Every structure is written in C-alpha cells, then in structure tokens.
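Thank you for making the time this morning. I would like to walk you through one structure, so please have the sequence and the coordinates open while I talk.

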Amino acid sequence: VSAPGRTPILLTISTKDGATHQVALGTPQSQRLTVQAGHPGRVLLEGLRDGTYAVEVDGHPRGKLIVGATPGP
C-alpha cells in the first residue's frame with residue numbers, strides 16, 4: 001500500500017480465511033489490530049512522515065505501507 005506523505009490514511013484490513021489475526025504496523029506510534037472474520041480492523045494514520053513501515057500478521061512480515069509515494073501515470 002502506498003500514499004503521499006502527511007496524508008491521512010484510513011487503513012482497513014480484513015481476513016478472508018475465517019480466522020482471527022493480530023496485525024502490527026511498524027509506524028512511529030506502533031499500532032496493533034485484531035482482525036476477525038466479518039469484522040475488519042481499521043486504523044486512522046495521520047501525519048506519517050515519508051518512509052516504509054512494516055506490516056506484520058501474526059508476528060510474520062506480510063507487507064509494507066509506503067508513505068511518500070508520488071502518483072504516476
């Protein structure tokens with residue numbers, strides 16, 4: 001996932017396997033979400049500086065949030 005710097009980001013994470021998962025975002029103020037089937041986890045991230053932030057699911061790296069991306073063609 002990528003977004004311009006200092007733009008509010010409403011991050012929504014859902015599970016498709018029917019299991020409950022713990023999601024951790026490696027942002028300066030660490031965010032943790034519990035995501036259950038049928039109940040997406042949501043967090044509003046504001047004022048993030050440009051950078052790459054880890055997304056872990058159940059303690060394993062699963063993605064990145066890239067802030068400072070420039071929209072392109």
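I will take confidence and conventions, then the sheet, then the nonpolar core, and finally one histidine.

This is a predicted model, so local features are given where pLDDT is at least 70 and side-chain atom pairs where it is 80 or more, while totals for chains, interfaces and linings use all residues. Residues are numbered from 1 along each chain as its sequence is written, and side-chain values use heavy atoms, with hydrogens and water left out. With pLDDT being the predictor's confidence in each residue, from 0 to 100, the protein has a mean of 91, and 96% of its residues reach 70 or more. Strand β1, residues 2–3, has the lowest confidence, with a mean of 80, whereas strand β3, residues 21–25, has the highest, at 97. Strands here are DSSP runs of E with at least two residues, numbered from the N terminus.

Now to the sheet, where two strands pair if DSSP finds at least two bridges between them. Five strands form an open sheet with mixed pairing, in the order β1-β7-β6-β3-β4. Because β1 and β4 are at the edges and have a single partner strand each, one side of each lacks a neighbour in the sheet. The pairing of β1 with β7 is parallel, over two bridges, and there Ser2 is opposite Ile66. By contrast, β6 and β7 pair in the antiparallel sense over seven bridges, with Ala54 opposite Lys64, and β3 and β6 are antiparallel over three bridges.

What, then, makes up the largest nonpolar core? A core here is a set of buried Ala, Val, Leu, Ile, Met, Phe, Trp, Tyr and Cys residues joined through side-chain atoms within 4.5 Å, where buried means under 20% relative accessible area with a 1.4 Å probe, protein chains only. The largest one has 15 residues, and Leu11, Val23, Leu25 and Leu45 have the most contacts inside it. Two or more residues each come from β2, β3, β4, β5, β6 and β7, and β2 gives the most, with three.

Finally, His21 lies in strand β3 and counts as buried because its relative accessibility is 16%. Polar contacts are pairs of N or O atoms within 3.5 Å, and within protein one atom must be able to donate a hydrogen and the other to accept it, while residues adjacent in sequence count only if both atoms are side-chain atoms. By that criterion, the His21 side chain has a polar contact of 3.0 Å with the side chain of Asp17 and one of 2.6 Å with that of Asp58.

Key:
Helix = DSSP H or I, 4+ residues; strand = E, 2+ residues; numbered from the N terminus. Buried < 20%, exposed > 50% of the residue type's maximum accessible area, 1.4 Å probe, protein only.
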